[in-house]
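Here's a quick tour for anyone opening this one up for the first time. Have a look around, then read on.

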Amino acid sequence: MKKITDNISTERQTQVTSPRSVIKLLLSIIPTGLIEIVTVWGMTDYSGGAADTFYVIAAHILAVLSLLGVIFKPKIPTAFKWILPAVSPFTAFIMLEGLTHNPFKDINYDIILLNLGVLLILAAFILFLTGNTAPTVITVTLIPLIFGLVSYFTVAFRGTPLFPWDIASYGIAATVLGGYSLKITPAVAFIISSAVIICRAAILWNIRIKLTKKFIRPVCAIVLLCVMILTGGYIQTDRAISDFSLYPYLFTPDILYDRNGFTVSFLMNLRYTTVDKPDGYSVSDIMEYAEKYESGSASNVSVKPNVIVIMNESFADMSALCDYETSEECLPFINSLEENTLKGNLHVSIIGGNTPNSEFEFLTGMTLGYLPSGCIPYQQFIKSARPSLATQMNELGYRTVAMHPYWAEGWKRERQFIPISDLMKCIFSTRAFRMQSTCADTSPTKVFMIK
């Protein structure tokens with residue numbers, strides 16, 4: 001009897017100390033570690049207030065609960081396990097909106113239901129597609145959380161939320177953000193920690209759907225996919241704006257997202273990824289108007305002065321906005337220019353980001369006023385050759401050079417400048433331009449003179 005007991009003990013000890021068991025235990029502890037890391041991250045913006053203290057304590061409690069779940073592995077009845085996938089669209093909505101505002105204060109309840117409806121359809125589609133509750137809960141939790149975090153940092157850095165066309169700019173955003181420190185509040189840390197706990201619970205309490213007829217799941221998945229596409233298309237219509245009294249004004253995107261919710265606002269903005277031809281637009285009518293004016297050519301002009309245009313987005317005269325005193329004059333050289341000089345203030349279409357839009361307006365003469373707010377014409381609409389200042393200067397016999405002290409892949413300039421003018425020589429940032437991680441002030445000038 002003792003020998004049998006010793007064998008059983010040895011077998012259990014082997015199971016506990018086997019490499020597979022150790023790896024499984026370490027993977028089980030990862031969620032607890034992630035929660036603690038995120039909580040410490042959130043402490044970087046800790047204000048000491050009651051709300052921040054609550055979120056920090058709550059995040060630590062979630063970490064303890066995650067660890068206790070690993071140790072005790074509680075058995076949950078199947079009926080209770082269904083609660084998690086049932087409420088996951090609701091928790092996803094709260095986490096998504098809670099990153100930036102209080103949705104129950106800012107959003108009307110019928111619009112809240114519209115946001116929840118989209119997330120519920122997504123959850124049902126994943127459930128029938130996979131036949132398991134775990135991937136359903138994880139997908140419905142993580143996708144909104146990731147989009148919400150990206151929008152949270154977008155608001156922090158440029159003051160506007162995430163637009164659909166911003167996804168095409170992820171590369172330039174990643175390189176620019178490399179020079180900044182990303183901070184989160186304790187509230188955001190708590191939201192991320194909650195998502196980790198939900199995903200952990202979804203894995204532990206997974207339920208596999210077993211249907212007698214195998215064709216039911218794929219058929220339901222296809223139907224739900226069609227419903228999801230139709231719902232997204234409906235949200236982009238004026239009918240949806242009227243039915244739900246949605247806030248329609250894209251030029252105030254922060255209000256748009258706060259009042260309509262992220263999910264609905266993001267889907268609404270998909271309608272602006274393409275530009276519709278204006279009513280009454282006709283190329284033949286434009287040509288008819290142009291024929292009334294005499295055309296001329298300046299190509300025979302013998303004197304061709306050098307034309308140098310410098311676009312400096314950090315250059316600003318703050319005295320144009322208000323009167324203030326300084327210990328010394330801010331712009332002595334600019335202010336001293338009087339002879340053969342025209343000076344004035346310039347209003348641009350961008351703030352805090354989307355740098356290439358000013359380049360687009362200057363080079364093409366086209367205004368962003370007739371394009372969707374927040375769009376990047378270089379990336380979204382410039383697909384073929386078109387007239388520009390560069391092509392006009394080339395026709396006059398000039399050699400046109402474009403220069404930018406950033407990497408060529410920034411905003412895809414190396415690819416987008418070509419449709420504007422394939423004759424324009426482009427010079428982008430190289431190691432010769434840069435001092436450590438930023439561009440030295442004198443380097444572009446030296447490179448330009450050499451070229």
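Which helix gives the most to the nonpolar patch? That's helix 5 (residues 83-98), with four residues. Keep in mind that this is a predicted model. Below are the patch, a helix pair and a salt bridge.

**The nonpolar patch**
- On the surface, Phe-80, Ile-83, Val-87, Phe-90, Ile-94, Phe-104 and Tyr-109 come together as a nonpolar patch.
- Taken together, these residues have about 670 Å² of accessible area.
- Phe-90, one of the patch residues, sits in helix 5.

**Helix 7 and helix 14**
- Helix 7 (residues 109-130) packs against helix 14 (residues 262-269) at an angle of about 80°, and their axes are 8 Å apart.
- That angle makes the two helices roughly perpendicular.
- On the helix 7 side you'll find Leu-114, Asn-115, Val-118 and Leu-119, which meet Phe-262, Thr-263, Val-264 and Leu-267 from helix 14.
- Sorted by class, this contact has six nonpolar residues, two polar ones and no charged ones.

**Salt bridges**
- There are two salt bridges in the structure.
- One of them joins the side chains of Asp-238 and Arg-271, at 3.1 Å from N to O.
- Asp-238 belongs to helix 12 (residues 238-244) and Arg-271 to the loop between helix 14 and helix 15 (283-290), so this pair ties together parts that are 33 residues apart in sequence.

Methods: Residues numbered from 1 in each chain as written. Predicted model: local features only at pLDDT ≥ 70, side-chain atom pairs only at ≥ 80, totals over all residues. Heavy atoms only, no water. Axes fitted to C-alpha atoms, helices over the stretch in contact; angles between N-to-C directions. Parallel < 35°, antiparallel > 145°, perpendicular 65-115°, else oblique. Contact = heavy atoms within 4.5 Å. Nonpolar A, V, L, I, M, F, W, Y, C, P; charged D, E, K, R; others polar. Patch = residues over 30% accessible without salt bridge, like charges linked within 9 Å, V, L, I, M, F, W, Y side chains within 5 Å. Areas by Shrake-Rupley, 256 points an atom, 1.4 Å probe, with all protein chains shown as cover. Salt bridge = Lys/Arg side-chain N within 4 Å of Asp/Glu carboxyl O.
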